[in-house]
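Please open the model in your viewer and keep the selection tool at hand. The tour below moves from one selection to the next and says what is found at each stop.

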Amino acid sequence: MRLKFSSALATAITISVGFLTVIGLLLGDRFALFEGFAGVFLQLTTITIALTIIIGIINLLSVHVTRVGRRKSGAIYSLVLVVSFTGVIVSYAVDRDTSMMLLETVQISVESALAGLLFFALVYGAYRMMRHHVSGWNLLFISAVLLVLLGSLPLSQLEPITEVRDWVLSIPVNAGARGLLMGVALATVVAGMRVLIGQDRSYRE
Amino acid sequence: MEANQIFASLIIALTLILVLITTNFVRRGRLNVILRRIPAYERIPSLVGLSIESSRPLHISLGSAGIGDESTILAITSAELAYQVTNRAAIGDAPPILTLSNTSAIPLGQDTLRRAYNQRGLSERYSTTNVRWYPNGPRSLVFAAVVSTMIKDDKVAASIMGGSYGAELALITDASKRSDVPIVAYSNQLEGQAVAYALADEALIGEEIFAVGTYLEGGSVQVSESIVIDVLRWLLIIVMIIGFVAGFLNGR
């Protein structure tokens with residue numbers, strides 16, 4: 001297998017920096033040198049991530065200007081985006097208050113409307129799920145949804161249902177959620193270790 | 001040294017040893033690994049086929065997973081999913097589209113697509129505009145709205161959602177269903193997992209996404225990773241049972 005020098009160098013740097021940072025974070029209070037290394041590397045990461053916002057803006061504009069140029073389907077939305085982007089930049093430069101007002105009146109209103117739409121998307125999705133295929137698991141899912149919704153109603157007649165809902169949320173749901181999160185956490189540690197010891201695909205190609 | 005530092009060091013050391021040992025065993029063919037069925041991974045090759053035959057792009061998404069926070073490893077794993085899918089779909093007329101809402105994942109996404117095309121010897125087909133960043137807003141609803149419209153505008157053949165989403169994933173699955181576009185979904189957030197399970201055609205649950213390399217490629221490194229995850233899970237279960245029994249015997 002032919003190994004490129006640049007790949008080998010990048011892998012060596014990644015492994016060294018990764019292990020120094022892990023050691024610094026785990027044993028930092030005993031070894032000030034490692035703690036210092038970890039601090040510097042984390043600061044560099046933060047600065048680099050902050051700079052990626054510029055990459056994001058360039059990406060956004062290049063995608064939508066290309067769409068407008070090629071007159072692809074939905075190019076009108078891309079044109080609106082490019083015009084809005086320019087408008088916000090100009091308004092921010094001229095009058096920051098107007099820019100903030102635009103943000104609050106347009107962005108927050110649109111997001112609130114979408115949040116309202118989300119409820120209907122969920123309910124319609126549950127209906128479609130039952131129409132598509134009725135299985136034991138689907139019935140259990142719908143029963144749990146109905147139980148939680150009914151148990152949340154502020155009616156004294158529904159107090160027994162509220163108690164059942166509280167029990168379901170605190171025992172089976174909580175246990176299931178913890179199990180899922182533990183599984184994800186374990187897998188994250190193992191995958192992280194694979195990256196740390198240079199076995200990730202990006203080091204090999 | 002505090003107890004949690006010792007515990008974290010032990011887990012990292014144990015994981016490192018297990019990864020090295022199992023990789024060695026798998027490479028030498030000393031472990032006979034039988035994988036359980038995961039319908040989502042079985043579905044992905046047919047979605048790639050659908051994209052190639054219909055000359056419509058596949059949509060792959062990393063959601064809000066990014067580099068530099070707690071979702072870093074998830075972003076790298078979702079990028080592996082994107083690599084596997086792009087690698088298969090690269091020969092089609094319509095190049096896959098990768099969407100993401102975290103700017104730190106843009107270089108990762110672009111590098112992933114570039115490597116997938118290079119591996120196929122089709123580097124001239126790679127375009128940086130196939131990776132699309134859409135800002136997420138405070139609740140990722142804007143990202144969900146944009147992806148919903150993109151599914152229709154770009155005549156997407158199928159959607160494969162990796163990464164991180166909340167309940168807003170319902171908007172994307174709804175748009176997919178309305179356009180008759182099959183969708184495979186995953187999220188590391190519980191709300192997103194619930195939506196994916198209920199509304200997507202196939203869902204990846206819990207740590208299943210971390211087995212992407214094992215199921216779609218089957219290399220020794222990826223298989224050993226899945227084995228180590230299983231070993232650690234059983235160790236955790238045994239520790240929890242011992243803790244429960246010890247607590248019970250002590251009358252707690």
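Begin by selecting the place where the two chains meet: 52 residues of chain A are in contact with 57 residues of chain B, contact meaning that the C-beta atoms of two residues, placed from the backbone, lie within 7 Å. On the side of chain A that touches chain B, H6(A) gives the most, with 15 residues. By class, the residues on this side of chain A divide into 30 nonpolar, 15 polar and 7 charged, where Ala, Val, Leu, Ile, Met, Phe, Trp, Tyr, Cys and Pro count as nonpolar, Asp, Glu, Lys and Arg as charged, and the others, Gly among them, as polar.

Before going further, please note that this is a predicted model, in which local features need pLDDT of at least 70 and side-chain atom pairs count only at pLDDT 80 or more, while totals for chains, interfaces and linings use all residues. Residues are numbered from 1 along each chain as its sequence is written, and chains are lettered from A and ligands numbered from 1 in the order in which they are written.

Where they meet, Glu111(A), Leu114(A) and Ala115(A) face Leu141(B), Val142(B) and Ala145(B).

Now turn to chain B, which has 9 helices and 6 strands. Which order do the strands of its open sheet follow? The order is S3-S2-S1-S4-S5-S6, with parallel pairing, and two strands pair if DSSP finds at least two bridges between them. S3(B), at 131–133, and S6(B), at 202–203, stand at the edges with a single partner strand each, so one side of each is left without a neighbour in the sheet.

Within this sheet, select S1(B) (58–63) and S2(B) (97–100), which pair in the parallel sense over 3 bridges, and find Ser61(B), which stands opposite Thr99(B) in S2(B).

How values were computed: Helix = DSSP H or I, 4+ residues; strand = E, 2+ residues; numbered from the N terminus.
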